[in-house]
Amino acid sequence: MTITEDLKKKAKEAGFVSVGISSPNMLQGLPHGWVSTVCNLRSPEEELSTAKSVMLMGYYAWDKSFNLAVDSTYLWSRDTYVPEVPMESYQLYYEVLKNKAWRIVNYLIQKGYESRFSLAIPLKTAAVRSGLGCQGKNTLLITPEYGPRIRLISVLTAAELDTDKPCKDDLCGECEKCIIACPTKALEPYKIVINRCLTYAAEKPRAQDVPDDIRKIEKRLVQRPTPNSYIECSICIEACPIGKPSFSENGK
Ligand code: B12
Ligand code: SF4
Ligand code: SF4
């Protein structure tokens, strides 16, 4: 078994349903820098200067509760606010992804290859170049088996691995279900207006660029199990017929 085959097997054993491999060279020209004020996208070389290969791994997030986010934002305006304690923020699926990716990183390090996981490279476009699937009209990565119900993480490594071919398909065809389903009309085919997305609004409760009509919809639709937590919107995922499960993703 080659090291590439071995790693793909290990990734599947860790619980990833899709795995593709590319190289820093294959990932040239992807989105880079700040996406609004949400995330500063970095290149594989910036994340690991010795990287020779980039593994893209998809985890099947089968239940809406994977979208749970908990942060200390609300503590800032409360009597309980303690200045020495830093702002903390966790998303359940990110914690699951990191935990699983760490197993692959650990394995590679034990074999003598410098390696790390990264959530800061542009994961959707990197996944397309690594053959996992294509970008859908909701801008998300769509795989033939699971549609957009995949969450992504990458592992960068100094190991030289066999690469996969980029995906050239368009899986959407004439469908526009995600665009119709989005309650804030944040989507146009393959594009998103970030400050109209409920995830952005929920993540940035003080952002001034969120229009009033979006804040009203946020109050109505974003579920908040506790004052410091919320469930990120995933309506444009649930609407997608590709890979739709027979059970309800809403948990209803
Ligand atoms: C910033 C960000 C956001 C922002 C902005 C969203 C966005 N679409 O950029 C906000 C806060 C709004 C957001 C919301 C959500 N996010 Co988000 N987000 C990210 C993040 C950090 C970067 C995304 C990015 O690269 N944006 C930059 C833009 C430029 O990239 P782009 O969309 O790929 O743009 C390209 C296309 O538009 C393409 N294009 C343009 N025209 C055309 C035409 C055609 C025909 C084609 C094919 C392509 C195309 O070209 C552009 C440049 O290459 C990633 C994590 C990461 N590190 O990648 C997660 C990520 C994309 N988010 C994710 C998820 C799940 C969500 C939400 C569902 C919330 C949730 N429940 O978690 C919503 C979905 C909203 C949506 N429909 O996009 C997942 C998506 C998994 C997947 N299957 O793709 C990611 C990958 C996180 C993860 N670790 O899994 N997110
Ligand atoms: S996450 Fe919700 S608000 Fe954002 S684009 Fe998707 S359906 Fe629209
Ligand atoms: S709902 Fe339809 S248009 Fe949207 S991503 Fe899925 S297949 Fe593409």
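Biologist: Which residues of α3 are buried?
Modeller: This is a predicted model, and burial here means 20 or more other C-beta atoms within 10 Å of a residue's own. In α3, the residues that count as buried are L97, A101, I104 and L108.

Biologist: What covers the buried residues of α3?
Modeller: The cover includes both helix and strand elements. Among them are α1 (3-14), β4 (53-60), β7 (115-118) and β10.

Biologist: How many Å does α3 reach from its first C-alpha to its last?
Modeller: Helix α3 takes in residues 92-110, which is 19 residues. At 1.5 Å a residue the expected span is 27 Å. The model is close to that, with a reach of 28 Å.

Biologist: Which residue with a positive phi follows α3?
Modeller: The phi in question is near 100°. The residue that follows α3 with this value is G112.

Biologist: Which residues of the largest nonpolar core touch the most other members?
Modeller: In soluble globular proteins, nonpolar side chains tend to be buried together. The largest nonpolar core here has 53 residues. Those touching the most other members are V54, M55, L56, M57, A127 and L141.

Biologist: Which residues does M55 touch?
Modeller: Residues up to four places away in sequence are not counted. I104, a buried residue of α3, is one of the contacts of M55.

Biologist: Why does the radius of gyration of the protein chain agree with a compact globule?
Modeller: The chain has 252 residues, and a compact globule of that length would have a radius of gyration near 18 Å. The two agree because the value for the protein chain is 19 Å.

Biologist: How many nonpolar, polar and charged residues has the shell around ligand 2?
Modeller: The shell includes C182, C197, C233 and C236. Helices α6 (198-203) and α8 (235-238) each give two or more residues to this shell. By class, the shell has 9 nonpolar, 2 polar and no charged residues.

Biologist: Which residues come nearest to ligand 3?
Modeller: There are 13 residues around ligand 3, and they divide into 7 nonpolar, 3 polar and 3 charged. Those that come nearest are G136, C172, C175, C178 and C240.

Biologist: Which residues come nearest to ligand 1?
Modeller: The shell around ligand 1 has 22 nonpolar, 7 polar and 5 charged residues. Of the 34 residues around ligand 1, those that come nearest are L123, L140, L141, Y190 and E232.

How values were computed
Residues are numbered from 1 along each chain as its sequence is written. Chains are lettered from A and ligands numbered from 1 in the order in which they are written. This is a predicted model: local features need pLDDT of at least 70, side-chain atom pairs count only at pLDDT 80 or more; totals for chains, interfaces and linings use all residues. A residue is near a molecule or strand if its C-beta atom, placed from the backbone, lies within 6 Å of it. Helices (H or I, at least four residues) and strands (E, at least two) are DSSP runs, numbered from the N terminus. Ala, Val, Leu, Ile, Met, Phe, Trp, Tyr, Cys and Pro count as nonpolar, Asp, Glu, Lys and Arg as charged, and the others, Gly among them, as polar. A nonpolar core is a set of buried Ala, Val, Leu, Ile, Met, Phe, Trp, Tyr and Cys residues joined through C-beta atoms within 7 Å. A residue is buried if 20 or more other C-beta atoms lie within 10 Å of its own, exposed if 12 or fewer, and partly exposed in between; C-beta atoms are placed from the backbone. Two residues are in contact if their C-beta atoms, placed from the backbone, lie within 7 Å. The radius of gyration is taken over C-alpha atoms; the globule rule is 2.2 Å times the number of residues to the power 0.38. The expected span of a helix is 1.5 Å times one less than its number of residues.
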